[in-house]
Amino acid sequence: MNRTTLSLIAGATALAAVTGFAAVSAPDVGSATERTGAAATLPVERTGLLCPRPSISDLAETTYTSFTPVTRGAEGEGTAALRSAAEQSAPDDAATGKGEKDEKDGEQADGEKGEKDGEKGDKDAEDGKGSAKGGEPDKADKPVLQLREPGTPVTADASGAEAPALIGTADGRFASGWTTQQTTEVTAGTGRGLQGVACTAADTQFWFPGASTDDSRTDYVHLTNPDDSAAVVDIELYGKNGALKTTVGEGITVKPRSAEPVLLSTLTDEKQTDVTVHVVVRSGRVGAAVQALDDELGGDWLPASADPSGSLVMPGIPKDATGVRLVAFTPGDSDVDLKVRLASPSGLITPAGNETLHVKGGMTAGFDLGDLTRGEAGSLVLTASDRSVPVVAAVRVLRGKEGKQETAFIPAARPVETRATALDNTAKGTTLSVTSPEGTAQIKVTASAGTKGGTPATKTYTIKSGTTQDIEAPVPAGVKGTYALTVEPQAGTTVYASRTLSSTEGGVPFFTVQPLPDDRGMVAVPDASEDLSVLQR
């Protein structure tokens, strides 16, 4: 085997570590790639995403949106499609692990029966909109959502509790930067409000600080298995005094290519306001997200926190937040003090009365920070007194006045190093927040064409060191439908970002916040010619 082949195997191995599975081709001499020293930066050529089941409410209205940005060097053919996952068990049975397959007849998510067996749910020929169908395994091969071309998002709509979890793959020119979002509006009942979540890649470990087993909360851990073999998962719960005693949290089996919602309150008898959930996969891999629903305060998705670290950023707390609650957890036995700072539009400030917060090892701690932002954009920056002690954290954010409040969650986020995209944007209901805790950063923001038409637009911005900016994002000219916003920091700089969608229903400020982690759509591959020169010495 020659050195060139070895180099490509190394590159493919690196890609697999990033995306769960990957393929890469040798770069042509004249191909459009970026080179750093002896490495070429290439677009990933295969990736996967998992979307949890959107809602348990019959009143839910869900839109799935999928998009791949135009990427230099990503050429040729390819596909990006999402299909329904088999429904392993009803929510009421989820925590028992019984996992009966849903035998329902593939109703359309708007409640009407799907009467045309050959009809695809991926798109409408004219406007790119489709209808998601859930249920029958023999319909699982038909895409719910399928991209037509990079640079233009597509959507599919679903209604009620039958909207399915989705399993998707993208390859070729659609893989690099592929992003999918689901946004759900629930007009009444537990968890009413706007709920949004970005679909994620499969992994083997997740941390969710900010969950709850309180009587007022109905929190689910949604597990989705993309593979052809079963996954086995443990769910650990940590409260204010340490690990909670659980009954059936160990050895939960998630059947192949299926989704399993697990109701937290059935895993333990202990009622706790603040709980950290740790999902550990014994075998296989899954996607995981927590859906946190409150009887009075609405609800939203709680995405996984960034990996445990001594430095964390929770970007984009809405400026009109009426309540902010920080939940933090350190997995080890060591206690840690957290220095708390707010990255405001004018710089880093220390909130009065909350300069330092103490977190005991192995115990979940909650802190009410009040109306932290006081009418200005802000991001919470946490620094451990001992950087060697890792921490996970999230904030629960309230908007609105008592009796008409809504909830969203912002976990500690991964930084945007190369590129990140937010979907389902509109000109009036979207806020893009960007923070640069250390060092001034230049960013480029591109608004894609709309789902039904429009011309892309791009603007550049300067984010000063230590600040958070709610930027006036570009809007596509002549836009019809919703559009994507793609954030790209200039080389050598790192930012954190989030996007808020908002509307008002019956005087209640519906909203949802999604952090924008790096899309990991590019990977450095060893330069074959450099390796050959070493071999020829």
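Predicted model: local features only at pLDDT ≥ 70, side-chain atom pairs only at ≥ 80, totals over all residues.
Local features need pLDDT of at least 70 and side-chain atom pairs count only at pLDDT 80 or more, whereas totals for chains, interfaces and linings use all residues. Residues are numbered from 1 along each chain as its sequence is written, and side-chain values use heavy atoms, with hydrogens and water left out.

The chain contains two helices and 41 strands, taken as DSSP runs (helices H or I, at least four residues; strands E, at least two) and numbered from the N terminus. Of its 537 residues, 55% are buried, that is, under 20% relative accessible area with a 1.4 Å probe, protein chains only.

Four strands form an open sheet in the order β31-β38-β33-β35, with antiparallel pairing; two strands pair if DSSP finds at least two bridges between them. Its edge strands, β31 (420-425) and β35 (457-463), each pair on one side only. Four bridges join β31 to β38 (residues 483-489) in the antiparallel sense, and A420 has V487 of β38 as its bridge partner.

Three aromatic pairs are present (ring centres of Phe, Tyr or the six-membered ring of Trp within 6.5 Å; planes under 30 degrees apart stacked, over 60 edge-to-face, the rest tilted). F206 and F208 are stacked, because their ring centres lie 6.3 Å apart and their planes meet at 15°. The pair of Y238 and F329 is tilted, with centres 4.8 Å apart and planes at 40°. Y238 belongs to β15 (residues 231-239) and F329 to β23 (residues 323-329), so this pair ties together parts 91 residues apart in sequence. Both Y238 and F329 are buried, and together with W207 they form one aromatic cluster.

Methods:
Buried < 20%, exposed > 50% of the residue type's maximum accessible area, 1.4 Å probe, protein only.
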